[in-house]
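Here are a few notes from one colleague to another, for reading beside the model.

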Amino acid sequence: MARFIRKLLPRRWRPDYQEIPVVRLHGVIMSGGGPFRQNLSLASTAAVLEKAFGEKDAPAVAISINSPGGSPVQSRLIYRRIRDLATEKNKKVYMFVEDVAASGGYMIAIAGDEIIADPSSIVGSIGVVSASFGFTDLIKKIGVERRVHTAGKNKATLDPFRPENKEDIEHLKALQLEIHETFINLVKERRGEKLSENPDLFTGLFWTGTRGVELGLVDGLGDIRSYLQSQYGPKTRLKLITQPRGMFGRKIPSTETRIEALGANLANGVVSAVEERALWSRFGL
């Protein structure tokens with residue numbers, strides 16, 4: 001209510017400090033989500049981004065990013081939404097890396113006009129990876145017969161219960177190269193001449209924030225509060241933007257609905273949690 005009243009006052013009567021909206025984009029990037037995982041996707045971030053960029057008196061939006069990556073599609077969709085809003089609302093975007101902005105997390109980070117990291121942040125990992133398991137020996141050992149019927153000879157490509165074949169792997173690598181090229185072009189478009197000529201830049205390696213500055217992946221080192229105060233004055237205040245609620249708040253699901261959702265998502269949630277843990281642990285987190 002106090003903020004609403006301030007907006008009604010003439011500008012000369014308003015407080016002499018600048019307020020900068022802050023959005024936290026933390027987590028693994030993938031579509032979907034549930035009680036066991038809160039992921040980053042366009043669907044989960046669109047509303048909060050719209051709300052942050054809708055702050056009329058703010059000259060900029062600050063985004064705190066902490067993600068080991070995930071879906072290249074969702075990463076690019078979030079990146080594109082941030083850039084579109086920045087252009088539409090004519091606002092500068094500051095990205096602040098916490099523990100990690102790697103792979104898809106770094107793709108989102110380059111949506112910022114400036115990227116600021118902690119000296120010990122992890123940045124980079126500009127590459128594409130696909131990982132799975134093979135269970136061919138396991139099903140033989142436990143006496144299970146695999147039966148697959150398809151219409152289309154390649155419909156069962158990369159089936160984890162069948163041996164890998166050369167053609168499947170070559171097709172997968174071709175797809176990865178296309179996605180990798182899209183990623184590289186996006187980084188070059190956004191970072192331009194800031195990038196160093198280091199031959200390892202696009203190999204999937206990752207670095208600390210300090211080294212990231214030297215490589216041109218990061219613009220500077222610091223923390224969100226101190227950096228924004230250096231840009232907009234010592235009285236600058238940060239306003240954390242959260243998911244918008246309806247007039248009467250979020251609808252609380254019934255006990256029966258919650259139990260059904262819990263059962264439906266239990267197995268999927270456990271598997272997803274293992275996958276997410278693997279992504280974070282790759283960077284020592």
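**Notes on the model**

1. Ser 125 is buried, with a relative accessible area of 4% (buried means under 20%, exposed over 50% and partly exposed in between, using a 1.4 Å probe and protein chains only). Its phi is near 55°, a positive value in a residue other than glycine. Ser 125 sits in the loop between β5 (122–124) and α5 (136–141); helices (H or I, at least four residues) and strands (E, at least two) are DSSP runs numbered from the N terminus.

2. A word on the basis of these notes: this is a predicted model, where local features need pLDDT of at least 70 and side-chain atom pairs count only at pLDDT 80 or more, while totals for chains, interfaces and linings use all residues. Residues are numbered from 1 along each chain as its sequence is written, and side-chain values use heavy atoms, with hydrogens and water left out.

3. Asn 90 also deserves a look: it is not a glycine, yet it has a positive phi of about 55°. Asn 90 belongs to the loop between α3 (72–89) and β3. Is Asn 90 buried or exposed? Asn 90 is exposed, with a relative accessible area of 69%.

4. Now the aromatic rings: a search of the whole structure finds four aromatic pairs. The ring centres of Phe 96 and Tyr 227 are 6.0 Å apart and their planes stand at 70°, so this pair is edge-to-face. Rings of Phe, Tyr and Trp (its six-membered ring) pair if their centres lie within 6.5 Å; planes under 30 degrees apart count as stacked, over 60 as edge-to-face and the rest as tilted.

5. Phe 96 is in strand β3 (residues 92–102) and Tyr 227 in helix α8 (residues 224–232), so their pair ties together parts that are 131 residues apart in sequence. Both Phe 96 and Tyr 227 are buried. Ring pairs also link Tyr 94, Phe 96, Tyr 227 and Tyr 232 into a cluster.

6. For Arg 162, please look in the loop between α5 and α6 (166–191). Arg 162 is partly exposed, with a relative accessible area of 43%.

7. Finally, Asp 118 lies in the loop between β4 (114–117) and β5. Asp 118 is partly exposed, with a relative accessible area of 37%.
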